[in-house]
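Let's take a walk through this structure, one part at a time. Have the sequence and the 3D view ready.

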Amino acid sequence: MQIETQLKNAQCTFPFTHLGLTHTKNAFSITAWIPNATAVKVIDLATEKAIGTLKKQAASDLFSAEFTKGKPPAVYAFEVKNPQGAYRIIDPYQFQDQAFHAVHFVDHLPKNVYQQLGAQLMDLDVGLAKSISATRFAVFAPNASAVSIIGDFNYWDGSCLPMQKTDFGYWVLVVPGVNAGDKYKYQIKDAAGNELPHKADPIGFYADQYPSHASVVFDHEQYQWQDSKWQEQVKGDKYTQAMSIYEVHLGSWKRPSAESDARYLSYRELVDELIPYVTDMGYTHIELLPISEFPFDGSWGYQPVGLFAPTSRFGSPDDFKYFVDQCHQNGIGVIIDWVPAHFPEDGHGLARFDGTHVYEYEDPRKGWHPDWNSCIYDFGKDTVRQFLVANALFWLDKYHIDGLRVDAVASMLYLDYSREDGDWIPNVDGGNHNYEAISLLQWMNKEVYSHYPNAMTIAEESTSFAKVSRPVFEGGLGFGFKWNMGWMHDSLHYISKDPSYRRYHHGEITFSMVYAFDESFVLPISHDEVVHGKGSLLHKMPGDEWQQAANLRCYAAFMYAHPGKKLNFMGNEIGQAAEWNHDSSINWHLLEFEKHSGIQALYRDLNKLYADYPALHELDHDHTGFEWIDHENAEQSTVAMLRQSKAGKQQIYAVSNFTPVPRSTFRLGVKALGEYTVLLNTDDKQYWGSGNSLNAKMLADKTPWQNQTYSIELSLPPLATVFILYKGK
């Protein structure tokens with residue numbers, strides 16, 4: 001096929017062979033492909049003088065000329081005329097060295113993926129008084145026959161800017177005059193020359209919304225961070241620090257007040273609305289449902305297409321940086337949900353990127369997820385592994401994110417996850433563990449903690465896979481924390497029972513302590529528990545209106561007393577009545593009612609106590625910080641535990657009464673003589689409780705009780721949890 005035909009049909013694989021400046025023994029030639037041009041003049045940019053005119057080749061858009069006089073220009077431009085007028089462009093095909101440099105070190109370090117691939121803004125230093133601004137494009141499409149850059153700058157014409165294929169399957173080109181804010185995609189032809197749906201950049205830093213889904217060139221160097229104080233503050237042992245996480249879906253936390261305005265709050269509006277609320281409520285961290293760009297609102301972000309772009313639904317990447325920055329300046333850490341398990345089939349995304357399975361397993365028994373109708377990454381492929389690990393580092397680097405909560409880890413670990421017999425491929429040992437995914441997660445965690453020791457990774461892992469939150473050198477996956485899905489399931493199942501039946505399920509509320517220190521746990525009451533017909537947290541509770549609220553308050557305080565960091569989804573803290581709907585706001589109007597404002601006040605006080613008292617958080621992951629005082633009283637459905645700080649310097653007793661029966665002479669075993677004072681009672685009137693009388697101060701006596709040498713007597717309110725502090729002798 002003649003080069004003119006290849007260029008016209010966007011089928012040119014090696015444009016550098018044909019276009020640009022070529023040196024011969026005593027001359028040089030310049031060849032250009034400029035669709036729709038009628039005349040092309042070459043300008044030496046060092047002198048701004050014309051070198052000559054390129055001759056149009058027959059009826060094609062190919063122009064060329066040989067020059068036998070003078071030296072070749074160091075850098076040149078074209079003055080182009082066409083039927084619409086005249087313009088000047090700098091020839092992209094003269095910058096071959098700069099283009100190839102994009103892929104020289106991609107495989108050396110994961111960070112190189114996002115530092116070299118995608119659309120990288122650059123200044124071309126070519127010996128002029130002023131450098132030339134340009135964008136270097138590089139994309140991995142090893143089995144494509146041709147790739148072109150299309151965008152606003154060339155009227156989305158795939159014949160204008162063919163890219164050069166390299167030996168390693170990357171396609172490269174430097175395009176002067178393409179700047180931050182310009183939209184672009186890749187036009188890709190498969191191995192047979194068939195044109196695929198236009199693809200967004202897998203390493204795109206900014207993405208347009210529907211219908212274009214175009215990538216947008218973005219400058220990451222413009223934003224000036226102001227969170228240096230926070231970066232110093234977060235140093236230290238995460239396991240001994242308080243961590244109360246507020247899980248948020250930004251699109252439905254709050255909508256603008258005008259009923260007719262259904263738009264989202266922007267990142268900058270959320271700074272003014274969300275951050276003061278979280279600060280007032282005493283949460284230490286915000287966890288955001290996936291921020292990576294995604295096409296379908298109903299996926300809540302869990303079907304991401306642009307892993308390197310914060311969704312533009314709420315603003316620009318710099319707007320998101322500002323949000324994170326302001327969180328830090330207000331003492332709030334930011335965790336994002338990260339989704340390396342799978343991706344959707346949307347045409348502009350990663351699926352069959354160059355006509356073949358570049359990112360996903362080829363065999364559907366490994367590469368197709370039956371639950372989510374999505375593609376599963378090929379965790380054994382070097383380029384995919386680099387891509388995913390680089391993305392984890394990217395969020396910590398460019399956006400100062402404090403932690404990654406990794407979604408659907410169980411689906412990565414098991415080859416037979418949600419598959420019937422015969423629908424999955426065993427590993428080399430005949431088992432169901434995905435060794436490739438396991439090693440990827442280990443590598444990711446090692447890289448994160450190596451480069452960002454103050455960050456953390458959290459696994460959403462729902463099975464009993466061993467050592468999820470243990471170091472890789474101990475044979476673990478290397479996560480910092482793991483969601484305690486067992487505690488969540490058992491405790492919610494228990495609390496949803498009518499109190500008269502709880503005596504038969506007592507083990508469900510106590511069983512978690514059998515394994516509580518096997519992993520470093522976060523206790524999650526997440527979005528998954530209040531959607532898809534499961535009802536709100538409030539409406540999981542049995543009984544009439546008062547009992548539902550009392551059960552919720554009792555359960556919330558039990559959660560804060562239980563070892564492990566805490567996570568609550570938005571709306572739980574106000575006793576949201578309806579289950580979560582991603583298309584509407586939390587029902588903030590409920591705070592007009594004392595029941596809901598009382599529940600909110602309790603969560604605020606729980607967060608404050610949890611942070612202020614080391615006994616409640618310092619040894620969350622150490623068995624020396626916990627002791628059952630009584631876990632066998634199934635008949636009365638009560639439990640009592642002791643939480644203490646290091647060396648027992650501070651002691652807090654937590655007693656939960658999971659029945660509506662008040663216990664007027666309840667005796668509690670304690671460690672020492674002295675004064676005991678009530679820190680919190682979920683039945684207080686300020687929380688919309690009954691206000692059952694409870695002595696503020698109690699003195700221990702020498703009555704042995706519950707295997708303790710001493711004891712105190714208290715009036716235990718109905719459906720309530722009480723925190724009692726040992727004040728000393």
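Start with the barrel: eight strands close into it with parallel pairing, in the order β15-β16-β19-β23-β24-β25-β26-β27. From one strand to the next, the twist averages 25 degrees. This is a predicted model, where local features need pLDDT of at least 70 and side-chain atom pairs count only at pLDDT 80 or more, while totals for chains, interfaces and linings use all residues. Residues are numbered from 1 along each chain as its sequence is written, and side-chain values use heavy atoms, with hydrogens and water left out.

A word on terms: strands (E, at least two residues) and helices (H or I, at least four) are DSSP runs numbered from the N terminus, and two strands pair if DSSP finds at least two bridges between them.

Now pick out β15 (residues 244-248) and β16 (residues 285-288), which are parallel and share four bridges. Here Glu-247 sits opposite Glu-287 of β16.

Next, hop over to β2 (residues 28-33). Six of its six residues are buried, so the strand is largely enclosed by the rest of the structure; buried means under 20% relative accessible area, with a 1.4 Å probe and protein chains only. In a regular strand, side chains alternate between the two faces of the sheet. On β2, Phe-28, Ile-30 and Ala-32 are buried on one side, and Ser-29, Thr-31 and Trp-33 on the other.

Who are the neighbours? β1 (residues 20-23) runs antiparallel to β2, joined by four bridges, and Gly-20 has Thr-31 as its bridge partner. Four residues lie between β1 and β2 in this hairpin. β5 (residues 62-67) is also antiparallel to β2, with six bridges, and Phe-28 partners Phe-67 there.

How values were computed
Axes fitted to C-alpha atoms, helices over the stretch in contact; angles between N-to-C directions. Buried < 20%, exposed > 50% of the residue type's maximum accessible area, 1.4 Å probe, protein only.
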